Amino acid sequence: GDCDDSDPDIHPNSTQRTDGVDSDCDGRRDWLAQVWISGDDDFEWCLDDEEDMVPADVHWNQGQYYEVWTTSGAHVFGIRGWDEHYVTTAVIAHIELSDGTFWVTDADWTFDPEPEADPESRSGWCTPGFDDSPWQAVNVIGPIGTYPWNYGPTVFPPGSPAQWIWDYYPVELNTQYVRRQVELP
């Protein structure tokens, strides 16, 4: 069952991860995904499980950088963003693999049209296979540097095509859930 006899670290019981390689011979490559996110005023995000939300700890004009291990196959990136004053709310993200594959916030993301509904109505929203057919396509507000975010976020990769997205603009709801299902190679 060893899928690479030339490398002693690659075998069916391996607990080591090598970026872009099937380290444990399960047929899926390991990927160290780089994730840049920002939200005005604040956000938390998830990968495949909303029970494991990752909070932000930085101002929106800086953004936040994360590294997360994942594998080949279907995955969901989800972001819950909120504004404390119902003024200007949006999120922006750039997700990239070492092979150059990337996803950014754009018109392919969806939002929950009923974010104030019972949380049970969106149970599993950050998991692959969740039925988001009642959700709607996000509104694209604009790229990094779009008003009123003229000076940030600064942590994003130079030239990132990520777009600020939200449900309605100007904001009608101060909390929103956005998601994107992707297929990792």
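Me: Which residues have the most contacts inside the largest nonpolar core?
Reply: A nonpolar core here joins buried Ala, Val, Leu, Ile, Met, Phe, Trp, Tyr and Cys residues through side-chain atoms within 4.5 Å, where buried means under 20% relative accessible area, exposed over 50% and partly exposed in between (1.4 Å probe, protein chains only). The largest such core has 35 residues. Those with the most contacts inside it are Val35, Trp45, Phe77, Ile79, Trp109 and Val178.

Me: Which elements give two or more residues to this core?
Reply: Elements are DSSP runs numbered from the N terminus (helices H or I, at least four residues; strands E, at least two). The contributors are strand 1 (30-40), strand 2 (42-47), strand 4 (64-71), strand 5 (73-82), strand 6 (90-96), strand 7 (102-104), strand 11 (163-166) and strand 12 (175-184).

Me: Good to know. What kind of model is this?
Reply: Residues are numbered from 1 along each chain as its sequence is written, and side-chain values use heavy atoms, without hydrogens or water. Local features need pLDDT of at least 70 and side-chain atom pairs pLDDT 80 or more, while totals for chains, interfaces and linings use all residues, since the model is predicted.

Me: What does Ile79 touch, beyond its neighbours within four places in sequence?
Reply: Contact means heavy atoms within 4.5 Å. On that basis, the partners of Ile79 are Ile37, Phe43, Glu44, Trp45, Val91, Ala93, Trp109, Trp125, Gln176, Tyr177 and Val178.

Me: Which residues line the largest cavity?
Reply: A cavity is a set of points on a 1 Å grid over the protein atoms alone where a 1.4 Å probe fits but cannot get out, and lining residues have an atom within 4 Å of a point. The count is 1 cavity of 30 Å³ or more, and about 30 Å³ of space lies in the largest cavity. Its lining consists of Val35, Ile37, Trp45, Phe77, Gly78, Ile79, Ala93, Ile95 and Trp109.

Me: Which element gives the largest share of that lining?
Reply: Strand 1, strand 5 and strand 6 each give two or more residues to the lining. The largest share, 3 residues, comes from strand 5.

Me: Which side chain makes a polar contact with the side chain of Thr110?
Reply: A polar contact is a pair of N or O atoms within 3.5 Å; within protein, one must be able to donate a hydrogen and the other to accept it, and residues adjacent in sequence count only if both atoms are side-chain atoms. At 3.3 Å, the partner of Thr110 is Asp132.

Me: And which side chain is joined to Ser160 by a polar contact?
Reply: Ser160 lies in the loop between strand 10 (139-143) and strand 11, and is buried at 11% relative accessibility. Val104 and Ile144 are among the residues it touches. The polar contact of 2.7 Å is with His94.

Me: Which residue's backbone nitrogen lies 2.9 Å from a polar side-chain atom of Asp49?
Reply: Asp49 is in the loop between strand 2 and strand 3 (54-55), and is partly exposed at 27% relative accessibility. The backbone nitrogen in question belongs to Glu51.

Me: Which peptide bond joins Gly152 to its partner in cis?
Reply: Most peptide bonds are trans. The bond from Asp40 to Asp41 is cis, with omega near 5°. Another cis bond, with omega about 0°, joins Gly152 and Pro153.

Note on methods. 1 Å grid on protein atoms, 1.4 Å probe; cavity = no way out; pocket = protein on both sides within 12 Å on 5 of 7 lines; lining within 4 Å. Points joined across faces, edges and corners; volume = space filled by probe spheres on them.
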